[in-house]
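Hi everyone, thanks for having me. I'd like to walk you through one structure today, piece by piece. Have a look at it first, and then we'll start with a pair of strands.

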Amino acid sequence: MNIKEVAAKYADYQIEMRRYFHKHPEVSGKEFETSKAVKAELDKMGIPYRDCGMGTGVLATIEGTKPGKTILLRADMDALTVHETTGAEYASVNEGVMHACGHDCHISMLLTAAHILMDMREDLCGTVRLAFQPAEEIALGAIAMIDEGAMDGVDGCFGIHVWTDVAAGTVSIEGGPRMASCDSFNIKITGKGCHGAQPEAGVDAAVVTAAVINNLQTIVSREISPMDNAVVTVGTIQTGTRWNVVAENSVLAGTTRAFRDEVRDSFEERISRVVKSTCESFRAKGEVEYIRMVSPTINDYGFAALAQESAKKIMGEDCLANFPATTGAEDFSQYLYKAPGAMVFLGTGNPECGAIWPNHSGNFCVDEDQLLKGAMLHAQVALDFNASK
């Protein structure tokens, strides 16, 4: 059976579902109506499923007619607290909430892939699990689904992320590190307040804050090899109460990024040491809360090679883009600790339809003509992986 002929029947369905989910976005952990809609579509297809992950996640199963392996295909479902400014006729009806990261596309591509796989069950070996995952944007959904058994007995996993920095008609499928880890930290600095005209009577938390921020930058520049990519960013600072009072307290928050677990694991000690020693040198006190969130996304080289061949069957021999790794993060990384797999970037950037805005922009949009290719890629990878030795 020709996958392109099968998929052509669902071209309109793909767009219809994408626009429905785009119009009705829900934030992380609150994907109740989205989950209901996914289940309704699975019911229509006769695909069994169960609740899996935070009360809104859905894990569906398609059994092939031949023996083979088990692959998990994943689509995240949550939206962002972003005000939409696209002006699209299917723009968000939930004020201040928008599918600004393409998860509406991910849900609809996986549902369309389910249709394709159901039509091609006679050609399907083994089992395909469909993971409709909540709470990717807050890094809780993948772990929740894994904790509830989503990856039990799974031999491989595959995910697609729409990406406007990759040209429409191409797809980025590389092995190795593709997205960075993402952790956060909170720093509390305690000094001693006093009159601004008598700074010698206090310990200026604002001055200490400036020193801490500068010293934190030396972690990447002087403690981590230049062969490793890493980031330490302080994103927010709260200090002081008024113009003529020496600040007594400061609160800072930031993030770290890395492509190797060894580097990621070193951040907590390094940040804590720099903060505490810097504060002590100013007679202040420094406390650090370090929050581990998302591991680096590292594609399996063998799985990536298989997915490249699958993509060529769908999109042609020249479809592979050479797109560099990004310091953005993805909790798909958690599945990759359980089984080999790959997260790929489907090119949806196209100036002719205004698809030029980055993820998380209120103007974010995609070249919808590429989404059926994503659905076919899901299905083709499942067919090829489950049949492979």
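Predicted model: local features only at pLDDT ≥ 70, side-chain atom pairs only at ≥ 80, totals over all residues.

Okay, so let's begin with strand β8, residues 182–190, and strand β12, residues 249–258: these two pair in the antiparallel sense, and eight bridges hold that pairing.

Now zoom out a bit. Which strands make up the open sheet here, and in what order? There are four, and the order is β10-β12-β8-β13, with antiparallel pairing. The edges are β10, at 230–239, and β13, at 285–294, and each of those pairs on one side only. Going from one strand to the next, the twist averages 20°.

Helix α6, residues 205–223, lies across β8, β10 and β12, and its direction is at about 170° to β10. Then there's helix α7, residues 261–281, which lies across β8, β10, β12 and β13. For α7, the angle to β13 is about 165°.

Strand β1, residues 49–51, and strand β2, residues 58–63, run antiparallel and are joined by three bridges. Y49, for instance, has A60 in β2 as its bridge partner. Together β1 and β2 form a hairpin, with six residues between them. Look for G53 in that turn: its phi is positive, about 105°.

So what else does β2 pair with? That would be strand β4, residues 125–133, again in the antiparallel sense, over six bridges. To find this pairing, click on V58 and look for its bridge partner in β4, F132.

Last stop: two helices packing against each other. Helix α2, residues 11–23, and helix α4, residues 103–119, pack at an angle of about 145°, and their axes are 8 Å apart. Is the crossing right-handed or left-handed? For α2 and α4, it's right-handed. On the α2 side, the residues in the contact include Y13, M17 and F21, and they meet α4 residues, among them I107, L111 and H115. Sort the residues of this contact by type and you get seven nonpolar, five polar and two charged.

That's my tour, so let's take questions.

Note on methods: Residues numbered from 1 in each chain as written. Heavy atoms only, no water. Axes fitted to C-alpha atoms, helices over the stretch in contact; angles between N-to-C directions. Left-handed = near helix turned anticlockwise from the far one by under 90°. Contact = heavy atoms within 4.5 Å. Nonpolar A, V, L, I, M, F, W, Y, C, P; charged D, E, K, R; others polar. Pairing = 2+ DSSP bridges.
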